[in-house]
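Biologist: Could you take a close look at one part of this model for me, the sheet and what packs against it? I would like one connected account, with the cut-offs spelled out as you go.

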Amino acid sequence: MTRYTILIDSDALIDIQDATDWYNKQLPGLGTRFQKQVRLQVNTLKTNAESFTTRYANVRCMVIRKFPFLVHFVLNRNEMTVEIFAVIHTSRNPKIWEEKRYKK
């Protein structure tokens, strides 16, 4: 079984924290549920990252169940890594990932 290492960019961590804070303001504990769901699904990428199709250039996306967010990531088969660089609300322009991905 192929096993990848997960790398989460600091911008993606900020995305997750911002969403968590917003959800907790709407309903106490909801942000915590969001964060747990993200963590659960991100961990599955260790073994199933290849099951997600490429959506933009070499970027793959995973929908967060029960929440309107997409995890944007790049799969590097040579280094056996999954780099998550954005966690974006589905109502936002999907091209925002370009700013996050290529700003570095």
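Modeller: Happy to! Let's start where S1 and S5 meet: these strands run parallel and are joined by four bridges. Strands, like helices, are DSSP runs numbered from the N terminus (E, at least two residues, for strands; H or I, at least four, for helices), and two strands count as paired if DSSP finds at least two bridges between them. A word on the source: this is a predicted model, in which local features need pLDDT of at least 70 and side-chain atom pairs count only at pLDDT 80 or more, while totals for chains, interfaces and linings use all residues. Residues are numbered from 1 along each chain as its sequence is written, and side-chain values use heavy atoms, with hydrogens and water left out.

Thr-81 is buried at 12% relative accessible area, where buried means under 20%, exposed over 50% and partly exposed in between (1.4 Å probe, protein chains only). Leaving out residues up to four places away in sequence, Thr-81 touches Tyr-4, Thr-5, Leu-7, Val-74, Leu-75 and Asn-76, a contact being heavy atoms within 4.5 Å.

Now the whole sheet. It is open, with five strands in the order S1-S5-S4-S3-S2 and mixed pairing. Strand S1 (5-8) and strand S2 (54-56) are the edges, each pairing on one side only. From one strand to the next, the twist averages 45°; for angles, axes are lines fitted to C-alpha atoms, for helices over the stretch in contact, and values run from 0 to 180 degrees between N-to-C directions.

Moving across, S3 and S4 are antiparallel and share five bridges, with Val-63 partnered by Leu-70 in S4. The hairpin they form has five residues between the strands, and Lys-66 in its turn shows a positive phi of about 75°. S2 and S3 are antiparallel too, over two bridges, and Tyr-56 faces Val-59 of S3. Their hairpin has two residues between the strands, and Ala-57 there has a positive phi near 50°. S3 is largely enclosed by the rest of the structure, because four of its five residues are buried.

Finally, the structure holds one salt bridge, a side-chain nitrogen of Lys or Arg within 4 Å of a carboxyl oxygen of Asp or Glu. Here Arg-77 pairs with Glu-50, and their closest N and O atoms are 3.7 Å apart. The two are 27 residues apart, Arg-77 in the loop between S4 and S5 and Glu-50 in the loop between H2 and S2. Both are partly exposed, Arg-77 at 48% and Glu-50 at 41% relative accessible area.
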